[in-house]
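Please have the structure open while reading.

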Amino acid sequence: MKAYAIFCCLFLVVSSNISAKTTSIIPTPFESSPQSTLPTSKDIALYLQKIVKKSPEATLVQLGKSAGDRPIYGVRLSKDPQFLKNGLADPNKLTGSKWEIYEYAQ
């Protein structure tokens, strides 16, 4: 249940950030549902695929499988095409823990 709650929060944050950047806003599966029921994993996967098709700064990645053997997807966001392709950051960029070390050294 905890993992589902984290996934839902991540889903809402990602969808709001990407939706703001696309030319037309794609309604979330929850907004599209006539009874406002919770979306299924298939609904979420289809929604994420629609977002990725609209944004050149997004790629769909499979994070793993659920206990029910369904794929769990996430969206990788970046302006760096190399990172979008393979998920590896540019070693010459100051990111992640390198930035934290830099901040504390100042």
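## Helix 3

Helix 3 spans residues 41–54, 14 residues in total, and runs 20 Å from its first C-alpha to its last. This is close to the 20 Å expected at 1.5 Å a residue, where the expected span is 1.5 Å times one less than the number of residues. Helices here are DSSP runs of H or I with at least four residues, strands are runs of E with at least two, and both are numbered from the N terminus.

In helix 3, the buried residues are I44, A45, Y47, L48, I51 and V52. They lie on the same side of helix 3 because they cover an arc of only 165° around the axis, taken from the directions from the helix axis to the C-beta atoms. K42, K50 and K53, on the other side of helix 3, are exposed. Buried means under 20% relative accessible area and exposed over 50%, with partly exposed in between (1.4 Å probe, protein chains only).

## Strands 1 and 2

Strand 1 (residues 58–65) and strand 2 (residues 71–77) run antiparallel and are joined by 7 bridges; two strands pair if DSSP finds at least two bridges between them. L60 stands opposite V75 in strand 2. The hairpin of these strands has 5 residues between them, and D69 there takes a positive phi near 65°.

## Residue T59

T59 is part of strand 1. Its contacts (heavy atoms within 4.5 Å) include V52, G74 and L84, leaving aside residues up to four places away in sequence.

## About the model

The model is predicted: local features need pLDDT of at least 70, side-chain atom pairs count only at pLDDT 80 or more, and totals for chains, interfaces and linings use all residues. Residues are numbered from 1 along each chain as its sequence is written, and side-chain values use heavy atoms, with hydrogens and water left out.
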